[in-house]
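Have a look first, then read on.

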Amino acid sequence: MTDITQSMSRRVLENADDARPEGIYPPTEEMLDEPVDPELRKAQEERLRAVWAEPPGWRYWSAVNNSEVGAWYSLTAFAFMLAAGLLALLMRVQLAVPENDFLSADTFNQFFTMHGSAMMFLFAVPMFEAISILLLPAFLGARDMPFPRLSAYGYWSFLIGGIFVLSSVLFGIAPDSGWFMYPPLATESEGPGSDIWLLGLSFIEVASIAAAVELIVGVIKCRPPGMRINLMPLYAWYVLVVGGMILFAFPPLIAGDFLFEMQRSFDWPFFDPERGGDPLLWQHLFWIFGHPEVYIIFLPSIAIAAMVIPTAARRPIMGYNWIVLSAVGTGFLSFGLWVHHMFTTGLPSLSLGFFSAASEAVVIPTGVQIFAFVATLMVGRVRMIQPMLWIAGAVAIFTAGGLTGIMIALAPFDWQVHDTYFIVAHLHYTLFGGMIFPIIGGVYYFYPFFAKKKMSDRLGRWSFWLTFTGFNLCFLPMHLTGLKGMPRRVFTYPGDIGWDWLNMVSTIGAFVVASGILVFAYDLLRPKSRQPLTERNPWGGGTLEWAHDIPDPGWGSRSVPYITSRYPLWDQPKLLERMDAGRFYIPDAPEGLRETIVTSAVDAVPQHVARITGPAWCTIWAAVFTGGAFIFPTFHMYPPAIVCGILAIACVIYWLWTSTALVPEKPMKDAGLGLRLPTYVSGPRAPGWWGVFITMLGDATAFASLIFGVFFYWTARPDFPPENAVHADPAFAGLAAAAFAASWAATRIARGVNRSGNVLTARLLLGAAPLLGIAGATALVLAVWWPGLEPATHVYPAMMWALVVWTCAHVGAGVIMQGYCLAGSIFGKLTPRYDADLWNTTLFWHFLVVTCLITAAMIGILPRML
Amino acid sequence: MAGSRRRAGRDPLNVGRVLPAVLIAILLGGCSGVQSVLDPAGRDAEVLARLFWWMLGGAVILWVLMNGLLVYVSRIDTRPLSARAAEWLIIGGGIVFPTVVLAGLLSFALSEMPEQRAPGSGLTVSVTGESWWWRVEYLPDGAETPVVSANEIRLPVGRRSEITLNAHRVIHSFWIPALGGKTDMIPGRETRMSLEPTRAGEFRGQCAEFCGESHALMALGAVVMDEDAFAAWLEKEAAPAVPPESDAARRGQAVFNAEGCGACHAVRGTAASGRVGPDLTHVGGRVSLAAGILPMTAEALMRWIRDPEAIKPGAMMPGYDHLSDDDLSALAAYLEGLT
Amino acid sequence: MLGPRESSLWHMISAPTIWALHFCVVYGWTASVCARGPDPAAARLGIGIATAVALLGIAVVGWRAWRQWDYLDDYDYEHDGPSVEDRREFLGHAGWLLAIVSAIGVIFVGMPALFIETCL
């Protein structure tokens, strides 16, 4: 390899202000060659080990480190998958013969609803996040995720919500309206089933979004120095794309859940046609989420393939840029497909045409992806390692699912096979090929990374061939079952239509699949204490995760390396040796704090040494109380829900106050290799700022979905708004807008004057801002309450109230943040130099003021123009 | 990076032998059936079945090429090939080929959509989805009042008929695979479709959108008739019910009246005028009972009336298990006679 | 935050963003015209205009990305080096490829207007 340092302009970083890095970057070859004193190395290792040690005994469960949380998260998701798979087996028993009475209609309906819901919400998406939390820091040579306590909070929320939702099946009160929960069936459904679905899964969706925010920030801010965007492992690209998709796909569903629950709890008629509502709005919001969801599941699994294939082919991936194109392109196009789940709803042919076209167009990037893999295998010298077998099986199954996907993307053909077993076959081909097989392949591949042992090659082959054969035996005949007219979601069928033998074959196949998955589960979970540790990098991979030492001392990367290649372990000689010696960045923990390095988004120039949070119980308490706030309303127990909500907020505030944006003991620290980095940054250089920015993008999407709802009703319903409708009061709406704008301005100005040292003025502004916010919220409520808009009478007043409730809830959060900054200023946590909280609050208010002004205009001005 | 070249272990199960066997079995199983997409009896279904066979052929070829290549480069000949060729594979296979093929398929599908949704002429049939049965109303050109029926749809052959769709409480989907695609029935929005049968015969349709507990038990008979036969049938269907002829049937009518069946069911020409349940004016002339799930026989009628819940869980109709077998069989005789 | 074009992810994704905007415009326009408007021809005309504008936009973006890729200077398409130049050309290449796919997407999405004349 040529010395790249020649071509780069090395600069000595100047100390422009005290939050800028200073010293030498990038490091020279001489600096990297300099040996580390063995005494020093030992002392450093001692300190690092102490800092990154797991809490002992029962305190283990307070751990927040990505390797613990990621492992719990994956195993929990896997357990939920086995439960959902068991439901599928019971359904297959019921369908084995015609007119069977093994399961009652009601039980069957609960089972298929839970099978779909659990596979999607409790397995597929969480599994991606779990695996990413587990692996991403290692791919990036980072010590941990940027917000470890947020991962832990997400995990505990997921566990509580998942157990709550799944256990409803045991009591026979599970949701029974299908995983898509179409109203009016689901809104009218008796019993708590629909509420369990809505509230339980909303809770998990919030956790999913939290994880997505963390993963995006991880990819853009926590790469090792030198790992420019063109050198990122492909997995990181996929995480970036999928994180972005979650951010834009989940919020519409959350907005839909919000409307749905308002109808269930307070009889606001969003989906009731008798009072101006429309059941189709739910379908739109659900599938705007639901289709990208499919790609949210598929892309990360393909990402695993993108990591395995170069190792199996023993060469870098072919067409890296093409794969980036296809990941980004698929991410975009997948948002233009949602109506292909609604081809039969009688929308105008022209509208269906757009979605049909986009559904075909998305084949192109998906195909590019697969062809890039085949091309890599062509150019490489392939060894059929165990994980590669699963990847090859995945390609075989996925291409079949993709080809039927091309068929059903044509609207007229879909009119025939929609909601039949043809679709059941298609979707399982895409999900097994696009998710199950790559994930299992990934588990075989990465098992030596996280468990330091190997899984059994022999059991692996048994498991593969059982699963592969059983899968095709189960699902291939279903194409024909569907073409012969059998609809989905039927608990029984007559014996004289020619569906009986096909169903029997499918049932047998299902049991073969189950045996294959059980062999895998056994291989995964069987005790391996007598088995020797594997060697380091057993597959000969080229990416940074294989740099982890065996046995793993817990710190992840001994030192964070300087990267100059896509496959550093192949291309950068002496990399491993220097990492182990602690030659690279942050090799020490003299302050006894957990740290990781933060770099710039595109070129990965070091910017900051971030102090990250350690073990804590407050995250578990926060998750428990958040769970209470979501679970109690399911049974219409509102007072305990409110108490839980307040306690959850209190826990979160405690957690933030005690462990984030702490004033550091010194402004700069030596990061190694002659580079001094700030220990505290605020604004766009801080990961926290990015976290808020990304969260608010998702939040803005949810709000946009509500606005879409208003326009949807306007196009779909002639009586929106109804004639002689009572409109909101424009004067109050105007007053609210003015108060919100003033509150925002006060916050923004407070940030400026605080920075310039005028702390007293900043405190006065921060004291006035929450009062203005509360005044605005009051005026906004009055704008709809004063003229007497009755939300239960018609969808128009209900929609106006929904916008007001949404906005006021956000203003509540904004006011708490302003108060937090004021308290921070008074108690010395927020100073003119250390003002990250104020930056983040201001950013939140930038988004909030837009929401507020749009709401005021939507209720005060727009209805008079429609 | 060296690593030994390892051959794959022996496959515990030989997929190469199992798969073709399954495929052949499926092909032999045939594609016919009263509810089969691949056994079309309508213009739209014929076009779509033909489209399917073409697409299936193309898909099989592409699948074999793709996976054949994969097996070849990973198991048969693992020597590295040129990077240039691989690059062209990505461009040709990933971009150029799919763009051309998909544009062709899309053009065909788009041009087919207005054809299949063309307005019907002559006859409009209005179908309303109930839980779990179908309210059917025929409105020939120029007619003022509809001819009311239930759970069965009859259409003339060789002509495109307009079908308007409504739903009472929840979403359903109207689908007769042999004739054409499905369209959802959505409360609060009237949707429409049209069907052009090309072959007379009896077919079966079924609700395709999950609609609650007994979604699986919501089918309907579909009868395609010659133009003349259809006109004669419609005329008969429009007429009031025939009076009961046998003694048993007369007694059955008395039971019908005494039990208050007329509160929910209409029998035109009698006092029974309920609108909640299916119209029974010509119930005995239908091909099936209880929305396509029982044969139209006296025995099935008795079973149904005695305990609808046992046959269709969640059905609105109450059970009449307090009636004696005698009364039940009289009632069945009466209903069966309503042809 | 956008930063200079050659080092910005936001610029790399501008072509698919145009695709997304085009999609929203034609979908919203068609829904409005078919629900409230008098003439389906207006819907088709609107789709045609939106498609032409979007293709023009993608052409401009694609041309800039092509220039940034600067393929013809060294016929390099790997861009796996650690230099600023590699990163710049990589973002150009990815942007160029995305422009191609976005253009295909826009043309596909505009096609229904050629075949479907009514709002039925």
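Residues 52-73 of chain B are 100% helix and 0% strand, with the end C-alpha atoms 31 Å apart; helices (H or I, at least four residues) and strands (E, at least two) are DSSP runs, numbered from the N terminus. Keep in mind that this is a predicted model, where local features need pLDDT of at least 70, side-chain atom pairs count only at pLDDT 80 or more, and totals for chains, interfaces and linings use all residues. Residues are numbered from 1 along each chain as its sequence is written, and chains are lettered from A and ligands numbered from 1 in the order in which they are written.

**UniProt spans**
- An unreviewed UniProt entry puts "transmembrane region" on residues 52-73 and 85-110 of chain B; such annotations may be inferred rather than shown by experiment, and positions follow the numbering used here, with feature names shortened.
- Residues 85-110 of chain B are also 100% helix and 0% strand, and 35 Å separates their end C-alpha atoms.
- Over in chain A, UniProt (unreviewed entry) lists residues 46-576 as "domain: Cytochrome oxidase subunit I profile".
- That stretch of chain A, 46-576, is 67% helix and 0% strand, and its end C-alpha atoms sit 19 Å apart.

**Where chain B meets chain A**
- Contact (C-beta atoms, placed from the backbone, within 7 Å) links 85 residues of chain B with 83 residues of chain A.
- On the chain B side, helix 1 (15-29), helix 2 (43-76), helix 3 (83-116), strand 7 (183-185) and strand 8 (191-195) each supply at least two residues.
- Helix 3 of chain B gives the most to that side, with 19 residues.

**Confidence**
- The complex gets an ipTM of 0.95 and a pTM of 0.93 from the predictor.

Note on methods:
Two residues are in contact if their C-beta atoms, placed from the backbone, lie within 7 Å.
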